[in-house]
There are 2 protein chains.
Amino acid sequence: MQYPEPVAKLIDSYMKLPGIGVKTASRLAFFTLDMRDEDVNAFAKSLISVKRDLHYCSICGNITEEDPCEICRDKTRDRSTILVVEEPKDVMAMEKMREYKGLYHVLNGVLSPMEGTGPDDLTIAALIQRLHDETVKEVIIATNATTEGEATAMYLSRLIKPAGIKVTRLAHGLAVGSDIEYADEVTLLKAVEGRREI
Amino acid sequence: MQYPEPVAKLIDSYMKLPGIGVKTASRLAFFTLDMRDEDVNAFAKSLISVKRDLHYCSICGNITEEDPCEICRDKTRDRSTILVVEEPKDVMAMEKMREYKGLYHVLNGVLSPMEGTGPDDLTIAALIQRLHDETVKEVIIATNATTEGEATAMYLSRLIKPAGIKVTRLAHGLAVGSDIEYADEVTLLKAVEGRREI
């Protein structure tokens, strides 16, 4: 005996999500059974909508409902700086800071030989294309402070610098409000290396 | 700046699931963006289907596409025994055992004063109704070995016994293959209490 087909199918679908195994998927499926009709309908609609109504911006690679995206269309932004991030959510994090007024470029991933992600799987060609525009003076590389993020930053730096464009990387160091005692050695080392006169 | 509306809505939907906060919901939403169209469509369809095509069996309370459910309709099953469980997934667990040939009754919850779940929120009235049929000789209570499960078992036992029907409870003890060293005290106590001659 098995679960009724609708439940079995929903469990299969939940299991396609990252970090969700068969136990959690079953729990979620049974939870869904008890959810309000309108919430489940909204859920189904938003799944369809996210695939149908969202596209990648043909300029910066960010997700957007309209192409080009809001930021690329915004004439008030500083077109001399491009900040390169891994994912669309990194753009959101940067925008929350309300300080950066330049443009973005979303790689949609990082170089990862382990996972078979090479330069052609990212939006690197499109980034290089954008640099042909002479208004671009600086590329800020804001990939994550992981091994892959660092490797991608190095790769991009070597690719862009010959064009005479300034390439910078976000500073590494102690998180604001954090204790030295709990900082890992590499972060501490980076914090010492990057020390500034006060 | 916020996420494009389709993403924001999908994040909201994922956050309605148990144990999923805003960070995981965002991660799942962006993962969904990169899923194959057919997988996302199947996901949306199964959400709709689980609400539209599944019902609770009017006899045993289990989920089913047809009412009464497969097990209640099955003439080959032993109608003298009813095994009472908390949730539909417990029926699945029992059926996997391939040993039990009686009927089931799904409470769809447990008595929990803390969460405001009383007898009327469970399918207890329907269970009592079933016992008027004189073919029922034994009710096996297989609620979970939790405080609420035990309390529900006691409550049901007091309710059913006066009708002259045998009420039994699943045995407590050491899990097969487990080490005594790692068993908690209460389980060990139950295992000693329930010891059998060999």
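**Chain A: charge, domains and backbone geometry**

Chain A carries 25 positive and 32 negative side chains, and the centres of the two sets are 3 Å apart. Lys and Arg were counted as positive and Asp and Glu as negative, leaving out His and the chain ends; each charge was placed at NZ of Lys, CZ of Arg, CG of Asp or CD of Glu. The model is predicted, with local features requiring pLDDT of at least 70 and side-chain atom pairs pLDDT 80 or more, while totals for chains, interfaces and linings use all residues. Residues are numbered from 1 along each chain as its sequence is written, chains are lettered from A in the order in which they are written, and side-chain values use heavy atoms, without hydrogens and water.

Two domains were assigned in chain A, domain 1 (5-53) and domain 2 (74-168); such bounds come from an automatic or database domain assignment. The centres of domain 1 and domain 2 of chain A, taken over C-alpha atoms, are separated by 34 Å. Chain A contains eight helices and six strands, in the order α-α-α-β-β-α-β-α-β-α-β-α-β-α from the N terminus. Helices (H or I, at least four residues) and strands (E, at least two) are DSSP runs numbered from the N terminus.

The radius of gyration of chain A is 21 Å, whereas a compact globule of 198 residues would have a value near 16 Å. This radius is taken over C-alpha atoms, and the globule rule is 2.2 Å times the number of residues to the power 0.38. Along the principal axes, the C-alpha atoms of chain A fill a box of roughly 65 × 45 × 35 Å. Of the 198 residues in chain A, 40% are buried; buried denotes under 20% relative accessible area, exposed over 50%, and partly exposed the range in between (1.4 Å probe, protein chains only).

Most residues other than glycine have a negative phi, and most peptide bonds are trans. In chain A, the peptide bond from D67(A) to P68(A) is cis, with omega near -5°, and P68(A) is located in the loop between β2 (63-64) and α4 (70-73). A cis peptide bond also joins D67(B) and P68(B), with omega about -5°. N108(A), a residue other than glycine, has a positive phi near 55° and lies in the loop between β4 (103-106) and α6 (124-131) of chain A. N108(A) counts as partly exposed because its relative accessibility is 26%. For N108(B), phi is likewise near 55°, and the residue counts as partly exposed at 24% relative accessibility.
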